Amino acid sequence: MMTAYLEPLRFLIYNERAIKGEKSEGFGGYCSCGGVMSQKSWHVNGNIRILVSECESCWNAMLTAFKNKDFIERREVRVFKRNELTDFLSEILSQAELEAIVKRRNGENYNYNAFNRAKKKLEKIGIDIDTILSELIF
Ligand SMILES: [Zn+2]
């Protein structure tokens with residue numbers, strides 16, 4: 001699974017887990033383009049702390065992960081804004097599952113089994129389906 005950042009929910013999807021972040025500000029390191037990065041948020045999962053930062057020149061987003069105080073890795077992050085959340089869902093759900101979510105969100109008849117499968121998939125990575133549904137725009 002990709003490393004993703006769901007901006008409206010401030011969720012980082014890292015090693016197949018969604019980790020909620022705390023908004024932060026300040027210097028976030030240097031980008032590979034040479035630009036200055038600014039901090040977006042910090043995410044804590046047990047003894048792992050992860051900083052997500054964004055380049056002020058090219059808008060690339062990166063994560064920097066630490067275990068206790070030790071550096072583990074730096075990795076590019078794909079950012080999904082509110083109008084891109086369906087793109088994120090289409091990458092982790094099947095067509096039928098996504099369709100069920102969209103239909104339910106629009107108050108139409110939907111495939112109940114497909115919706116439940118989608119719900120389970122999202123729960124597995126730690127995302128509550130109602131939380132993401134409330135952020136979806138079409
Ligand atoms: Zn850059």
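Colleague: What am I looking at, and how are residues numbered?

Modeller: Numbering starts from 1 along each chain as its sequence is written. The model is predicted, so to speak of local features we need pLDDT of at least 70, side-chain atom pairs count only at pLDDT 80 or more, and totals for chains, interfaces and linings use all residues.

Colleague: Which domains does the assignment give?

Modeller: Domain 1 (4-80) and domain 2 (82-135); the bounds come from an automatic or database domain assignment. Their C-alpha centres lie 25 Å apart.

Colleague: How many residues does each domain put into the contact?

Modeller: Domain 1 gives 11 residues and domain 2 gives 11 residues, where contact means C-beta atoms, placed from the backbone, within 7 Å. On the domain 1 side, β1 (4-6), β2 and β3 each give two or more residues. Strands here are DSSP runs of E, at least two residues, and helices are runs of H or I, at least four, numbered from the N terminus.

Colleague: OK, switching to helix α1. Which of its residues are buried?

Modeller: L85, F88 and L89, in a helix that runs over residues 85-92. Buried means 20 or more other C-beta atoms within 10 Å of the residue's own, exposed means 12 or fewer, and partly exposed is in between, with C-beta atoms placed from the backbone.

Colleague: And what covers them?

Modeller: The cover includes β1, β8 (70-80), α2 (95-105) and α4 (129-135). On the face of α1 turned away from the buried side you'll find the exposed residues D87 and S90.

Colleague: How do α2 and α3 pack?

Modeller: At an angle of about 100°, with their axes 8 Å apart; α3 is residues 112-125. That makes α2 roughly perpendicular to α3, a label for angles of 65 to 115 degrees; under 35 is roughly parallel, over 145 roughly antiparallel and the rest oblique. The axes are lines fitted to C-alpha atoms over the stretch in contact, with angles from 0 to 180 degrees between N-to-C directions.

Colleague: Which residues meet there?

Modeller: A96, E97, A100, I101 and R104 from α2 meet A114, F115, R117 and A118 from α3.

Colleague: Last one: where does N15 sit?

Modeller: In the loop between β2 (11-14) and β3 (17-23). N15 counts as exposed because it has 12 C-beta neighbours inside 10 Å. E16 is in the loop between β2 and β3 too, with phi near 65°.

How values were computed. Two residues are in contact if their C-beta atoms, placed from the backbone, lie within 7 Å.
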